[in-house]
Amino acid sequence: MYSKYDFIKDLNPSKEEWRIKARVVRTWKVPNFQQKHFDDNVEMILLDEKGGRVHAAIKGSLNIHNKIHEGEVYFIKFFGVGLNSGSFRPTKHDYRLSFNLRTDVKSTIDSAIPTNGFDFDVIEKESSDSPYLVDVIGLVSGIGEVREHIISGRKTKMVVVELDNLRGHKLECTLWEDYVDQVQQILGSNQSPPNVIIVQLARIKGFRGEFT
């Protein structure tokens, strides 16, 4: 393993031989539209012992994506560091990582690194213009009916959950697809309210001063 490693907060494009130790706190797949014969691209949030969070991406053409598992800790070295841009930014780090053919990943264990890496945010007036995704915690005060919509010719379902946030304000949270089944199962199996929900990496939308 690495005798010395860097912290996520220090990462920048000034050099190539960065070494970090981090937990994969969230992974998701993105369709590989340009190279459909390869697997989906894998994106993730990495968290280190100092609380630093950074967005990382692995192309489906790299065999390394099969070595990464959500919740596990890894030593990672030799990766690209580029500007964190785009309309949806999972972290507020100035940069994001991209794995390449040189990237080396080794599994390890470190209980000092938190298991979730939540970064709760206060939803303010300027939040709707922010490109950053947020984590929100709230008390469930209501849940709507499941509805079906046709989007791009495909049937999809959604449900709106009403949350009371830490300031006592109500906040509507729209969940789609598999998350509809997940929240129904969780709330239906818990016979002793109140129920508290944490939503990680959510997009804020504002309309006439109201936020969802």
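# Reading a predicted chain

Me: How many helices and strands does the protein chain have?
Reply: In this predicted model, the protein chain has one helix and 14 strands.

Me: What are the dimensions of the box that the C-alpha atoms fill, and what share of the residues is buried?
Reply: Taken along the principal axes, the box is roughly 50 × 40 × 35 Å, and buried residues make up 37% of the 212 residues in the protein chain. The protein chain exposes about 13,200 Å², of which carbon and sulfur atoms supply 48%.

Me: What share of the contacts joins residues at least 24 apart in sequence?
Reply: Among contacts between residues at least 6 apart in sequence, the share that joins residues at least 24 apart is 57%.

Me: How many positive and negative side chains are there, and how far apart are the centres of the two sets?
Reply: The protein chain carries 29 positive and 29 negative side chains, and the centres of these two sets lie 4 Å apart.

Me: What makes a group of residues a nonpolar core, and how many residues has the largest one here?
Reply: A set qualifies because its members are buried residues of the listed nonpolar kinds, joined through side-chain atoms within 4.5 Å. The largest such core has 22 residues, and those with the most contacts inside it are L46, F79, L97 and F99. Strand 1 (19–30), strand 2 (41–47), strand 3 (53–58) and strand 4 (73–77) each supply at least two residues of this core. A second, separate core has 12 residues, including L163, V180, L187 and I197. In soluble globular proteins, nonpolar side chains tend to be buried together.

Me: Which residues does F99 touch beyond those up to four places away in sequence?
Reply: The residues that F99 touches are A56, A57, I58, L62, I64, I68, I76, F79 and V105.

Me: Why does T91 count as buried, and where is its place?
Reply: T91 has 2% relative accessibility, and since buried requires a value under 20%, T91 therefore counts as buried. The place of T91 is in the loop between strand 5 (80–83) and strand 6 (95–98). A polar atom of the side chain of T91 lies 3.3 Å from the backbone nitrogen of H93; this is a polar contact because the cut-off for such a pair is within 3.5 Å. Not counting residues up to four places away in sequence, T91 touches I45, R53, V54, H55, N84 and Y132.

Me: Why does I113 count as buried?
Reply: With 1% relative accessibility, I113 falls under the 20% cut-off, and so the word buried applies. The place of I113 is in the loop between strand 7 (104–108) and strand 8 (134–143). Leaving aside neighbours within four places in sequence, I113 is in contact with K21, A22, R23, L47, D48, E49 and V73. I113 and G60 are 53 residues apart in sequence and 27 Å apart in space, C-alpha to C-alpha.

Me: Why does K29 count as exposed?
Reply: K29 has 63% relative accessibility; exposed means over 50%, so K29 counts as exposed. K29 lies in strand 1 and touches D40, N41 and V42, not counting residues up to four places away in sequence. The C-alpha atoms of K29 and M44, 15 residues apart along the chain, are separated by 8.7 Å.

Me: What is the phi of E177, and what is that of F78?
Reply: Phi of E177 is near 50 degrees, a positive value in a residue other than glycine, and phi of F78 is near 60 degrees, likewise positive in a residue other than glycine. Most residues other than glycine have a negative phi.

Me: Where is F78 found, and is F78 buried or exposed?
Reply: F78 is found in the loop between strand 4 and strand 5. Its relative accessible area is 17%, which is under 20%, and F78 is therefore buried.

How values were computed:
Residues numbered from 1 in each chain as written. Predicted model: local features only at pLDDT ≥ 70, side-chain atom pairs only at ≥ 80, totals over all residues. Heavy atoms only, no water. Buried < 20%, exposed > 50% of the residue type's maximum accessible area, 1.4 Å probe, protein only. Helix = DSSP H or I, 4+ residues; strand = E, 2+ residues; numbered from the N terminus. Contact = heavy atoms within 4.5 Å. Areas by Shrake-Rupley, 256 points an atom, 1.4 Å probe, with all protein chains shown as cover. Lys, Arg positive; Asp, Glu negative; His and termini not counted. Charge placed at Lys NZ, Arg CZ, Asp CG, Glu CD. Polar contact = N/O pair within 3.5 Å; in protein donor to acceptor, adjacent residues only side chain to side chain.
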